[in-house]
Amino acid sequence: WKLKKVKALHSLLYSKTINMRSIFIMAFMVIINLKLYSQLQEADSLIKLVEKTPGDTNRVNLLLKIADKIYFYKPDISLKYSTDALALSRELGYTKGILSALQVAGEGSRLVGDYPAALKFQLEALEFNRKLKNGNGEAGNLMFIGVIYMGLRAYREAISYLLQSNS
């Protein structure tokens, strides 16, 4: 498939009907492919490392790094790592891990189309941030909840949460 891409790029670059739009699209595709490849490679390295890490906060942080690296590309797998991190964080009483895992699990759930689960994770994170008086975390949760409601086509609720996140 690499040879086909190279041939397609070569024919595009040397054809007489070349235009700037075609060049931009090809450059964009190359950059996206390189970014995806490097993130997946880094995630693979972290997966090998997490297998050797004991069940402590370091393991939680590695699980969250993996989940964060792949949630746009493989949201279902990201969801598994983030829920594993959430369970371990709760077991350890690791507040930072719980908050991060709730947020990543919420985004992973939204990306796989499980809006009720996404809402559950983000609302729990919001409650947690409010207890901790973490204004930035609260604003982020309010924004993500608004985005989830947009996906549910509940626009009034979406606008309400998005406006709260902005204030």
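This is a predicted model: local features need pLDDT of at least 70, side-chain atom pairs count only at pLDDT 80 or more; totals for chains, interfaces and linings use all residues.
Local features need pLDDT of at least 70 and side-chain atom pairs count only at pLDDT 80 or more, while totals for chains, interfaces and linings use all residues. Residues are numbered from 1 along each chain as its sequence is written, and side-chain values use heavy atoms, with hydrogens and water left out.

The protein chain contains 8 helices and 0 strands. Its pattern along the sequence is α-α-α-α-α-α-α-α. Helices (H or I, at least four residues) and strands (E, at least two) are DSSP runs, numbered from the N terminus. Of the 167 residues, 32% count as buried. Buried means under 20% relative accessible area, exposed means over 50%, and partly exposed lies in between (1.4 Å probe, protein chains only).

Helix α5 (residues 95–111) packs with helix α7 (residues 135–151). The angle is about 15°, and the axes are 11 Å apart. Axes are lines fitted to C-alpha atoms, for helices over the stretch in contact, and angles run from 0 to 180 degrees between N-to-C directions. The two helices are therefore roughly parallel (angles under 35 degrees). Their crossing is left-handed: the near helix is turned anticlockwise from the far one by less than a right angle.

The structure holds 5 salt bridges. A salt bridge is a side-chain nitrogen of Lys or Arg within 4 Å of a carboxyl oxygen of Asp or Glu. Side chains of opposite charge can pair when their charged atoms come close. One of the bridges joins E124 and R90 (2.1 Å, N to O). This pair links distant parts of the chain, with E124 in helix α6 (residues 115–132) and R90 in helix α4, 34 residues apart. E124 is partly exposed at 25%, and R90 is partly exposed at 41%.

K131 and E127 also form a salt bridge (3.6 Å, N to O). Both lie in helix α6, 4 residues apart, about one turn of the helix. K131 is exposed at 63%. E127 is partly exposed at 46%. R130 pairs with E138, the closest N and O atoms being 3.0 Å apart. R130 has 41% relative accessibility and counts as partly exposed. E138, at 21%, is also partly exposed.

F72, Y73 and L111 make a nonpolar surface patch of about 290 Å². Patch residues have over 30% relative accessible area and no salt bridge; like charges are joined within 9 Å, nonpolar side chains (Val, Leu, Ile, Met, Phe, Trp, Tyr) within 5 Å. Accessible areas come from the Shrake-Rupley method with a 1.4 Å probe; for residues, only the protein chains shown count as cover. Y73 sits in the loop between α3 (57–70) and α4 (75–92). Y73 is partly exposed, at 34% relative accessibility.

Notes: Angles under 35 degrees count as roughly parallel, over 145 as roughly antiparallel, 65 to 115 as roughly perpendicular and the rest as oblique.
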